[in-house]
Structure formats: C-alpha cells, structure tokens
Amino acid sequence: MGFEGLLGNERLKENLRVSVGRGRISHFYLISGPAGSGKGTLARLLAAAILCQGDGKPCLACNACRKVMTGNHPDCITIVDPAHKTVAVDIVRDARADMYVMPNESSRKVYIFPQELRTEGQNALLKILEEPPEYGVFILLSDNPEKLLPTVRSRCTELRLLALPDSLLQTALKQEFPDADGESIAAAVQRSGGWLGQAKALLAEGAVSVQTENFVKSFCARDTLGLTTVLVGMEKWKRDQAIPEWQVWLQMLQSALVCQAGQKATSPLTRQLAAARSSRELMDAVQQLQKVIEYAQGNVSVAAICGYLQWALR
Ligand SMILES: [Zn+2]
C-alpha cells in the first residue's frame, strides 16, 4: 500500500518509501503545508510506516498499521489541546515525560502534534529533541513552519506538501462527489488553490437537505407558496435542528453574493441564487437570516420564526 493514501506529492512519497524501507527513521519530522493539504493523512501514514510489522511499509494490513489508522495504537500518541488554539505548555511537558516511558508493544514510540506549538511549548520539546530516546519519534504538523524556532526547525526532517495539479484534484473530487456537476467541480478546483481539503469543503456546500434545496428554489422563483410550504414543514423542528439549517441558508446566500462579485460558484444552487436575485435582495435576506438566528439562539420559538420568515424572505 505504501503512502498512496496521500494524493500527489510523488517525490516525497518515494523518498519516504525508500528511507523507511531502509529503516532510516528520523527522530523528528515536520510536516508542513496549508490547511487541507493532507498533513494529517501523511502523519498517520508515516506513523503507520514506522510501527508497521509487514512488508512495503506502511502495509496498512498488519495489526500495527490498522491500530494506527484507527487511532488505537498504544505507541502512537496524538497530542492535542482541544480547549486552546495552540497546545498548552504543560501538555507538551507531560508528553515529554511520557516519551521516557518505554514503548508498549513496538520498538518505537511516535508522538503526533497536529496543533501548533507556541514558543514555550517548542522550548519544552527542544530538550528532548537534543537527546531523544532511541525509540522516540516526533511528528510536528504546521501551517506556518517559518514561525517555528530556528533551533527546532533545524533539527527536523521537513516534509513539505505541495499543491495538487488540477487533473488530479478533479479525478479525486469526481470520485468523492459523484453527483456534483462538472462546472461545480471545476470551480472548486480553481478556488481551492490546489489543496484537496479546501476543494472538498467548497464542494460540500453543494450537498444540502431537501429543505435547503426547496428554500433556494422558491426564493429564486419568488414562489411564496413554495416558501411557506418549506417553513410550515419546519415549525415543529427543535431549535438545534433549525438553527444549523438556517445557517446553511445564510452561508449559501453569502456565497451567492461572493459569486456575484466575480467568483465562480461551487454549487448549482449558489449559481441559481446569484442569477435569480439582485445583490440588494440577497443582502436583505442575509440580514433577515442573521437576525432570526440570533432570535432563535435567544428564546424565540422556531414556529414564530418560521412564520416571520414567510414574510421576510418573500
Ligand atoms: Zn503494516
């Protein structure tokens, strides 16, 4: 299997295949690239390759590989701090202390840091990077490698992810979104900058509920009866069901405005909205939705808001 789970980046994958195959594993890797470039995918594959017990590492078939890929390997530890944007320094210190505990079932122990580290956290890591235990491997992920301390960056093997060519992105998107039309895929490719994760997020805007689809159709056609039917059908919805739905409507209207400003639309519904209604009308609808979402987050009932929207979104 090797590193094929990561799209593109052929030279990087070949270099890794050769070095891992020869058992040349660095103590410290830095995987760099913008959001949606595949850093998490590569980190998991690399960890699997390091702990793999089969041939053609990562084989993705042995017990170790399977455990890494499902997040259940005791010697593959992901260090995250969900409460903060960057990892708190005491969490880094705990990881550092844990690194001196021998691996459980492998000859190595891998730590993945998907979140950015502040200077203090990097300094805490530096001590172990200078003299890592024989079995220790750290994999750091970063959107901004230039912001890392030079002393940290110079110690690591940097794996830089590259943007994917359009043709590769297009094929991958067609596979994952078989229902998306060619125009939407082309727009997502163009707007993604070559990063698969970003292209997928753009296309996902097109995968919407029946309510959203009917809302867009009625709104575009100025079909008040259609709009009423959608909203009456939502009157008994729970607040935590209705609010996300309205947030999707809001996002689509905002996307349609972006589209009118000259960007290509990533979904047929956005395209329809941009063509059917003026900027002024879209803007009004955006404001109305922002207002009702705020009301709904307060104490106004979903039914009352549905009634209001029948009038406000005409
Ligand atoms: Zn394996």
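**Exercise 1.** Determine how many residues of domain 2 are in contact with how many residues of domain 3, and which helix gives the largest share of the domain 2 side.

*Solution.* Two residues are in contact if their C-beta atoms, placed from the backbone, lie within 7 Å. By this criterion, 8 residues of domain 2 meet 6 residues of domain 3. On the domain 2 side, α8 (182-192) and α9 (196-204) each provide at least two residues; helices are DSSP runs (H or I, at least four residues), numbered from the N terminus. The largest share, 5 residues, belongs to α8.

The model is predicted: local features need pLDDT of at least 70, side-chain atom pairs count only at pLDDT 80 or more, and totals for chains, interfaces and linings use all residues. Residue numbers run from 1 along each chain as its sequence is written.

**Exercise 2.** Describe how α12 and α13 are oriented relative to each other.

*Solution.* First, α12 (residues 239-260) and α13 (residues 268-276) pack at an angle of about 65°, with axes 8 Å apart. The axes are lines fitted to C-alpha atoms over the stretch in contact, and angles run from 0 to 180 degrees between N-to-C directions. Angles of 65 to 115 degrees count as roughly perpendicular, and α12 and α13 are therefore roughly perpendicular to each other.

Next, the residues of the contact are identified: α12 contributes Met-252, Leu-253, Ser-255, Ala-256, Cys-259 and Gln-260, while α13 contributes Leu-269, Thr-270, Arg-271, Leu-273 and Ala-274.

Technical notes:
Parallel < 35°, antiparallel > 145°, perpendicular 65-115°, else oblique.
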